[in-house]
Amino acid sequence: MSSDRAQTPAASVSSELFRQACGRFPTGVAIAAIAGSDGAPHGLTVSSFTSLSLDPPLVLICLGHAVTLIDRFRAAEHFGLSVLGEDQRPISERFARRGQNRFTGVPWHSGEFHVPLIDGSLATIECAVDRRIAAGDHDILVGRMLRAHVSEGRPLVHWAGKYGRLGE
Ligand SMILES: Cc1cc2nc3c(=O)[nH]c(=O)nc-3n(C[C@H](O)[C@H](O)[C@H](O)COP(=O)(O)O)c2cc1C
């Protein structure tokens, strides 16, 4: 395959088609969270969580540059991930909404590395930031998994812009 970028056809995919094509790939839903310098929890809903490497144990999330919390995540040394179960859709919706304290009324606890973790999640994961990579209008945040807890249950699924549950 040629690596000559001059021969690559100009991009011709509209934002709408990009969204539709990527939306055909179902994902789970997680809450990515960090503690502020005062210990206050901050988090947002992400579907970009992906396992990256087993040895060393790396995962990644992608954060939009326009996300309000981007500077806090850029300054963080650790972050937490809570993988949501199928009954936690209201938490996903809450953590994707602007202009409120998202953790108010949501049961959570602080992990061993002081990252906020949502109670009752299918998995909680604590990561040390391994590296940050700017890519387009997002940052890729790579985390080294330091601790994880898992529970039994079924995941909340996001697909084509909608929430769903796994079929049998
Ligand atoms: C199901 C779902 C998945 C999302 N995944 C991501 C993601 O992976 N990365 C991201 O930056 N934003 C993602 N978002 C959007 C953020 O949650 C949302 O833009 C953000 O919380 C808006 O508030 P803020 O800018 O005040 O933080 C997702 C939203 C939803 C509903």
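Two strands are taken to pair if DSSP finds at least two bridges between them; strands (E, at least two residues) and helices (H or I, at least four) are DSSP runs, numbered from the N terminus. The model discussed here is predicted, so local features need pLDDT of at least 70 and side-chain atom pairs count only at pLDDT 80 or more, whereas totals for chains, interfaces and linings use all residues. Residues are numbered from 1 along each chain as its sequence is written, and side-chain values use heavy atoms, with hydrogens and water left out.

Strand S11 (residues 156-159) is joined to S1 by 2 bridges, and the bridge partner of threonine 27 in S11 is histidine 158. On the side of S12, S11 is held in antiparallel pairing by 4 bridges, where valine 157 stands opposite glycine 164 of S12. S11 and S12 make a hairpin with 2 residues between the strands, and alanine 160 in this hairpin takes a positive phi near 50°.

A second hairpin is formed by S4 and S5, with 4 residues between them. Here strand S4 (residues 50-53) and S5 run antiparallel over 3 bridges, and threonine 50 has leucine 60 of S5 as its bridge partner. The loop between S4 and S5 contains proline 56, which is joined to aspartate 55 by a cis peptide bond with omega of about 5°. Another backbone feature to look for is at histidine 114, a residue other than glycine whose phi is positive, near 65°. Histidine 114 belongs to the loop between strand S7 (108-110) and strand S8 (116-118). For context, most residues other than glycine have a negative phi, and most peptide bonds are trans.

Attention now turns to the ligand. A residue is near a molecule if one of its heavy atoms lies within 4 Å of it. There are 16 residues around the ligand, and Thr45, Ser48, Cys62, Thr68 and Arg102 come nearest. Strand S3 (41-46) and strand S5 (58-64) each supply at least two residues of this shell. By class, the shell holds 8 nonpolar residues (Ala, Val, Leu, Ile, Met, Phe, Trp, Tyr, Cys and Pro count as such), 2 charged ones (Asp, Glu, Lys and Arg) and 6 polar ones (the others, Gly among them).

In one of them, a polar backbone atom of threonine 45 is 2.8 Å from a ligand oxygen. A nitrogen atom of the ligand lies 2.9 Å from a backbone N or O atom of serine 47, and an N or O atom in the side chain of arginine 98 is 2.9 Å from an oxygen atom of the ligand. On its own the ligand has 630 Å² of accessible area (Shrake-Rupley method, 1.4 Å probe), of which the protein covers 81%.

Key:
A polar contact is a pair of N or O atoms within 3.5 Å; within protein, one must be able to donate a hydrogen and the other to accept it, and residues adjacent in sequence count only if both atoms are side-chain atoms.
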